[in-house]
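Please look over the sequence and the coordinates together before reading on.

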Amino acid sequence: MTLLKKLQWSIGLLLFFFVLPVIAGQLPFNKQASTPMKQPEDKQVVFAATNLEEESELEKTKEQTEESTPESTPESTPKSTSEPTKEQDPFKVLLLFTHSQEAYQPIVKAVSGKVAVYDDKTNIYNLQGAISKHFSMNGIQTDVLDVDVMKVMKSEGKTFPQAYNTVRPYLSNRLQEQSYNLIIDLHRDSAKRNATTTMHNNQSYARIAIVVGAEHKNYRWNTAYAESLSAAMNDIVPKVSRGVISKSGDNVDGRYNQDLAKEMILIELGGIDNTEDELNRTIAVIGKAIAKTFVTESKS
C-alpha cells in the first residue's frame with residue numbers, strides 16, 4: 001500500500017469514530033437513555049404533610065376530650081365536705097290525766113249551764129290542746145297518753161281510789177316504747193278560789209301545786225324536778241306555784257306511778273273555781289318555766 005493510501009485510511013477511520021456517537025444517539029433503542037431520572041421527593045414537603053395530618057388528629061382528640069370533660073360551673077363545683085351540725089332532739093313531754101273527768105265549775109256552767117266538778121265531756125282532759133299549743137310555742141314537743149281513765153274505770157266497775165292502778169299499764173307500755181324528758185300527770189285541785197288564784201299585773205292566774213309521792217325509789221329525783229319547776233314559775237309570776245307537796249302514809253297513794261320514771265311529777269292545775277282564761281295564763285307560765293329550767297339546760 002502506498003503512503004498516500006495509508007494516510008487516507010487513517011483519516012477515514014478517525015472520522016468514523018468521531019461521528020459514531022452522533023449516529024448512535026439517533027437510533028430508536030436508545031430513546032429511554034435520554035429520559036431524565038426521577039428526582040428524589042422533597043423531604044421537607046413530606047414532613048409538612050405528615051405534620052398537618054398529626055395536627056388534624058391532635059385537634060380531633062382535643063375536641064373529643066373537651067366534649068367529654070364538663071366545664072367547671074358553679075353547679076359542678078365540689079361542695080364542702082364539712083357535714084352540717086346535727087340538730088338536737090326536741091325536749092319531749094308526756095301528758096296524762098289520771099283523773100280525766102275532773103272539771104272546773106265556771107267552764108262546765110258556760111258550756112252546759114250546770115254546776116259540776118266532774119263532767120264526762122267538759123273536763124281537764126279537754127285542756128290537752130291548749131297545753132300542747134303553749135308548750136310548742138316554747139320549743140317543747142308534747143305527747144298525750146290518749147286514754148280517758150275515768151271512762152275506763154266506769155266501764156270496768158272500778159272505784160275512784162283505783163285510778164292510778166288503772167292508768168299504770170297504759171303509762172308503763174308507753175314508757176317502754178318511748179322516752180321523755182318530762183312526764184306530767186295533770187289534775188284539778190278541790191280547793192276553793194281564794195287558795196287557787198293569784199293576781200299579777202292586774203291579771204288573775206290559776207295557782208298550781210306539785211305533788212310528789214314519797215314512798216318509792218325515785219322520790220328524790222321527782223322532788224328535784226318539782227322544786228326546779230316551781231321556782232322557775234314563781235320567778236315568772238310570783239306565788240303562781242304553791243310549792244311542792246310530799247305525800248306518804250295512810251289514805252294516800254304514796255307513789256302516784258312516779259316510780260316508773262325519775263322525770264315524772266303531778267301538777268294540780270288550779271281549783272274548782274278557776275276560769276278558762278286563768279287556766280290558759282297559767283299553762284303559758286308552765287311552758288315558759290319548763291323551757292327556762294329544763295330545755296335551756298339540756299341544750300347547753
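With which residue does Glu156 form a salt bridge? In this predicted model, the partner of Glu156 is Lys158, and the closest N and O atoms of the two lie 3.1 Å apart. Glu156 has a relative accessibility of 47% and therefore counts as partly exposed, and Lys158, with a relative accessible area of 33%, is partly exposed too.

This pair belongs to a structure that holds nine salt bridges, among them one between Asp235 and Lys292, where the closest N and O atoms are 3.8 Å apart. Asp235 is exposed, its relative accessible area being 57%, whereas Lys292 is partly exposed at 46%.

A further salt bridge joins Asp259 to Arg255, with 3.6 Å between the closest N and O atoms. Through shared partners, salt bridges connect Arg168, Arg255 and Asp259 into one network. Within it, Asp259 is buried, because its relative accessible area of 17% is under 20%, while Arg255, at 29% relative accessibility, counts as partly exposed.

The last stop is Thr98, which is placed in the loop between strand 1 (91–96) and helix 3 (105–112). Thr98 has 0% relative accessibility and so counts as buried. Leaving aside residues up to four places away in sequence, Thr98 touches Val149, Met150, Ala163, Tyr164, Val167, Asp185, Leu186 and His187. With Asp185, the contact is also polar, side chain to side chain, at 2.7 Å.

Note on methods: Residues are numbered from 1 along each chain as its sequence is written. This is a predicted model: local features need pLDDT of at least 70, side-chain atom pairs count only at pLDDT 80 or more; totals for chains, interfaces and linings use all residues. Side-chain values use heavy atoms; hydrogens and water are left out. Helices (H or I, at least four residues) and strands (E, at least two) are DSSP runs, numbered from the N terminus. Buried means under 20% relative accessible area, exposed over 50%, partly exposed in between (1.4 Å probe, protein chains only). A polar contact is a pair of N or O atoms within 3.5 Å; within protein, one must be able to donate a hydrogen and the other to accept it, and residues adjacent in sequence count only if both atoms are side-chain atoms. Contact means heavy atoms within 4.5 Å. A salt bridge is a side-chain nitrogen of Lys or Arg within 4 Å of a carboxyl oxygen of Asp or Glu.
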